[in-house]
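Here is my note on the model you sent. Please read it beside the coordinates.

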Amino acid sequence: MNTDVNTANLGGQSAAASKAPGEESLAPQKTRIMGRLSYLLAWFGGCVAIGTFTMGSSVVGTLNLLQATLAIAIGCFVIGIALVLNGAAGYKYGIPFMVQARSAFGFGGTRLPGLVRAVPAIVWYGFQSWIGAGALNMVSATLFGFDNLVFFFIAFQFLQIALSVMGFQGIKWLENVGSAFILASLVYMFYSTVQRYGGELSSNLLTMQGSWGLPFWSATMLFLGIYSTMILNVSDYSREHKHGTSPGLLTTIYSMSILPCTLFMGLIGYMVSEATGVADPIQVFANAVDNTPLLMTTLLFIAFAQVTTNVLNNVVPPTYVLMDVFKMKFRPATIVVGLLAFATFPWKLVSADSAAGLQVFVQTYSAFLGPIFAILVVDYYLLRKRTLNLEHLYDAQGPYRGVNYAALIATAIGAIVALNVATVSWYASLIPAGLSYYLLMMYWAPCQRFRQ
């Protein structure tokens with residue numbers, strides 16, 4: 001048996017045991033700390049992506065207001081379904097993403113999905129920390145005259161590291177408490193946008209024809225794409241949710257936790273861009289020098305959103321990858337992830353010269369997200385019939401040893417399709433990747449031991 005977990009009873013804590021802060025492992029989760037409301041609020045606070053403003057701006061002139069609203073709603077509903085599908089194994093068995101992936105990719109093959117999830121998370125961790133520090137620095141400079149971005153970046157990053165070592169106990173309370181501030185800020189920003197730019201919005205915002213064709217469905221994927229990384233490793237979170245929630249209700253929890261922030265931010269970006277011609281609403285708010293409360297609310301919202309999103313979305317995935325690959329404990333792994341975020345040189349990433357390279361980076365790793373998701377879903381539902389052998393999943397010398405080349409080949413096929421159909425890449429990659437994986441697993445002899 002593999003000894004990278006406590007294997008007395010496959011390493012879990014007893015069902016009655018309490019879970020101390022930072023007490024996370026790759027072992028099957030026995031102690032679950034999030035009920036339905038707490039889980040909804042955790043996703044609500046952890047899925048605030050500043051890029052959603054820009055996503056809303058990008059559909060101006062293509063979709064009318066009704067179509068933009070529906071595109072966001074459909075995207076969130078599809079996200080909810082995808083999260084339930086891929087998070088089912090983690091929810092049922094209490095296993096994290098890196099353990100879940102072993103049945104499809106093998107112990108050695110999980111390095112691919114691990115890298116696809118961990119490397120972008122660390123890059124965005126540093127990038128968003130720099131953005132958050134910049135917002136705090138502007139607040140300080142405006143209110144107190146103290147202007148030192150480097151100081152705020154270092155302090156901001158160490159604050160996030162301190163919060164991260166608390167594990168899901170800390171995440172739970174940070175996200176639950178933070179949700180109230182985030183919602184209040186978004187309502188105020190939305191109200192201010194309507195009040196400030198209502199007169200400048202085009203009269204045909206609702207009546208323009210727009211498009212119900214490919215541009216509309218491409219728009220749904222824009223908003224879906226923001227969360228496609230979390231769709232991949234959702235088991236890292238679903239294993240913390242208490243048993244007793246049906247798939248239908250869980251879909252509602254996911255969709256309704258993501259919808260409010262995405263809808264508010266997407267429509268704010270849409271309306272600001274339509275009224276001013278400026279794609280970045282943050283820039284518009286920052287220039288609203290005659291409205292200090294709006295500016296301060298916007299900046300504090302940006303800073304706080306980076307914390308809630310980073311701690312949930314960008315710390316947990318690479319931490320579990322380090323725990324799996326290097327057999328590290330949770331707390332040291334979170335510290336290493338936080339320090340690695342410094343090494344991404346985010347002050348370079350935000351420069352105009354880096355924009356093209358950053359876009360290529362996003363397009364490249366995004367091409368693998370849909371295929372890996374499809375493979376995990378096909379593996380769990382069609383091949384395993386929703387029944388996993390935990391003993392095999394934790395035995396490095398068992399049937400899942402080494403690399404399952406069927407999964408790697410199917411990932412490559414899906415990625416090639418995704419790279420060639422950029423507008424709907426996530427959707428387009430699902431069937432080629434899932435079908436090729438299923439056929440290889442059913443009919444290619446070298447894959448037979450992985451079917452156990």
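The points below cover charged pairs, one arginine and a surface patch.

1. This is a predicted model: local features need pLDDT of at least 70, side-chain atom pairs pLDDT 80 or more, while totals for chains, interfaces and linings use all residues. Residues are numbered from 1 along each chain as its sequence is written, and side-chain values use heavy atoms, without hydrogens and water.

2. The structure holds 5 salt bridges (a side-chain nitrogen of Lys or Arg within 4 Å of a carboxyl oxygen of Asp or Glu). Lys19, Glu24 and Glu240 are linked in a network of them. Glutamate 24 pairs with lysine 19 at 2.7 Å between the closest N and O atoms. Both are buried (under 20% relative accessible area, 1.4 Å probe, protein chains only).

3. Aspartate 324 and arginine 102 also form a salt bridge, at 2.6 Å, N to O. This pair links helix H14 (residues 292–326) to helix H5 (residues 102–109), 222 residues apart. Helices are DSSP runs (H or I, at least four residues), numbered from the N terminus.

4. Arginine 239 is buried yet has no salt bridge. The nearest side chain of opposite charge, glutamate 240, is 4.5 Å away (Lys and Arg count as positive, Asp and Glu as negative; His and the chain ends are not counted). A polar atom of the arginine 239 side chain lies 3.1 Å from the backbone oxygen of serine 25.

5. Which helix gives the largest share of the nonpolar patch? H7 does, with 3 residues. Isoleucine 154 sits in H7.

Key
Helices (H or I, at least four residues) and strands (E, at least two) are DSSP runs, numbered from the N terminus. Buried means under 20% relative accessible area, exposed over 50%, partly exposed in between (1.4 Å probe, protein chains only). A polar contact is a pair of N or O atoms within 3.5 Å; within protein, one must be able to donate a hydrogen and the other to accept it, and residues adjacent in sequence count only if both atoms are side-chain atoms.
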